[in-house]
Amino acid sequence: MNEQRRFKVAVVGATGAVGETMLAILAERNFPVSELVALASERSAGGEVEFKNRKIIVQDLATFDPAGVDIALFSAGGSVSKEYAPKFAAAGAVVIDNSSTFRYDDDVPLVVSEVNPREAKNRPRGIIANPNCSTMQLMPVLKPIHDGYGIERINIATYQSVSGAGRSGMEELGKQTAELLNFQQIEPKKFPQQIAFNLIPHIDDFQPNGYTKEEMKLVWETQKILGDKNILVNPTAVRVPVFYGHSEAVNIETRKKISAEEARALLQKAPGVKVVDERKAGGYPTPVTHASGTDPVYVGRIREDFSHPRGLNLWVVADNIRKGAALNAVQLAELVAAE
Ligand code: A2P
């Protein structure tokens, strides 16, 4: 990275669950910031967020002039990205967008820093899309397997934490848990059903084919990031009463057989991946004990599928707010800064 150059960085959605972590990770990784701008809605304008032990006043996105911003990290929802990301890009900023608004556009690269970093440079619209959390954590694990053995089909069930639904998702789990333990009535607001002591097989909108949009993101994004439209993906996405960390039960079918030992050896060398795979109690990653608050994607329960000659099972866990969103966004900013 060029030691001299420092960047004016805007975080859009700075008061949110992901935005707050973006600020923390920019500081942690010592990203070369000349000025940090914290943006949110009019509701939060005038409030404060913390960056490098300093208070930063939150500004109203609607009245902010993006001229002079070098890099803008967006995590304020799809409609905000749709309206403001092109304005920031037109003003000269490189936008790194965490929403799904631009992910499937051919002229917007969709990048996982360990998997397809070179694509970040090819951004005719000045926008780089950050993948959805559930695809994000899967890619560093599947990339080396796909390169070496050819993945034909992926069957996946996700176990997604409430922080993926933002701050209000976490508040709802906490509130419902307390209410139920106190024998009070609960009223689901953020989630379509009770989330405390329950789980919900429905994230994002239903699509005409019966899958949800969260599930279809896994299909579209896996094919785009691995650059292979022929990979078949069959997903089920489930919201679970966990605060931080998404888990995934993954079954893959490869063109060439991969043994559990070969997979373990390959994944031990994969960037951003940590193998936790001992066949004993606790010898596998969980969202709370491993992922939460940490950077790696953890993989365990690696075993050959005894129902299929070229099948392999994996259990993949990561912090959805960090690698699944804020960390990758900052890693993309690092790629831009290094250009
Ligand atoms: P605000 O605090 O003003 O509502 P989360 O995903 O945790 O719910 O966070 C969403 C983030 O997006 C928050 O920082 C929120 O700011 C921001 N946000 C939501 N709507 C807008 C908007 N219309 N303009 C700017 N920021 C917005």
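On the side of domain 1 that touches domain 2, the elements giving two or more residues are α1 (17-28) and α8 (322-337). Helix α8 gives the most to that side, with three residues. By class, that side of domain 1 has eight nonpolar, six polar and five charged residues. Ala, Val, Leu, Ile, Met, Phe, Trp, Tyr, Cys and Pro count as nonpolar, Asp, Glu, Lys and Arg as charged, and the others, Gly among them, as polar.

This is a predicted model: local features need pLDDT of at least 70, side-chain atom pairs count only at pLDDT 80 or more, and totals for chains, interfaces and linings use all residues. Residues are numbered from 1 along each chain as its sequence is written, and side-chain values use heavy atoms, with hydrogens and water left out.

Domain 1 covers 7-130 + 325-338 and domain 2 covers 135-320. These bounds come from an automatic or database domain assignment. The interface values follow.

| Domain 1 to domain 2 | Value |
|---|---|
| Distance between centres, over C-alpha atoms | 25 Å |
| Buried area | about 1,600 Å² |
| Salt bridges | two salt bridges |

Buried area is the accessible area (1.4 Å probe) that two parts lose on being put together, summed over both. Carbon and sulfur atoms give 60% of it here. In contact (heavy atoms within 4.5 Å) are 19 residues of domain 1 and 18 residues of domain 2. A salt bridge puts a side-chain nitrogen of Lys or Arg within 4 Å of a carboxyl oxygen of Asp or Glu. Arginine 103 forms one with glutamate 221, the closest N and O atoms being 3.1 Å apart.

The protein chain has eight helices and 13 strands. Helices (H or I, at least four residues) and strands (E, at least two) are DSSP runs, numbered from the N terminus. The radius of gyration is 20 Å, close to the 20 Å that the globule rule gives for 339 residues, so the chain is as compact as a globular protein of that length. This radius is taken over C-alpha atoms, and the rule is 2.2 Å times the number of residues to the power 0.38.

Leucine 266 lies in helix α6 (residues 260-268). Beyond its neighbours within four places in sequence, leucine 266 is in contact with Pro144, Ile145, Tyr149 and Ile258.
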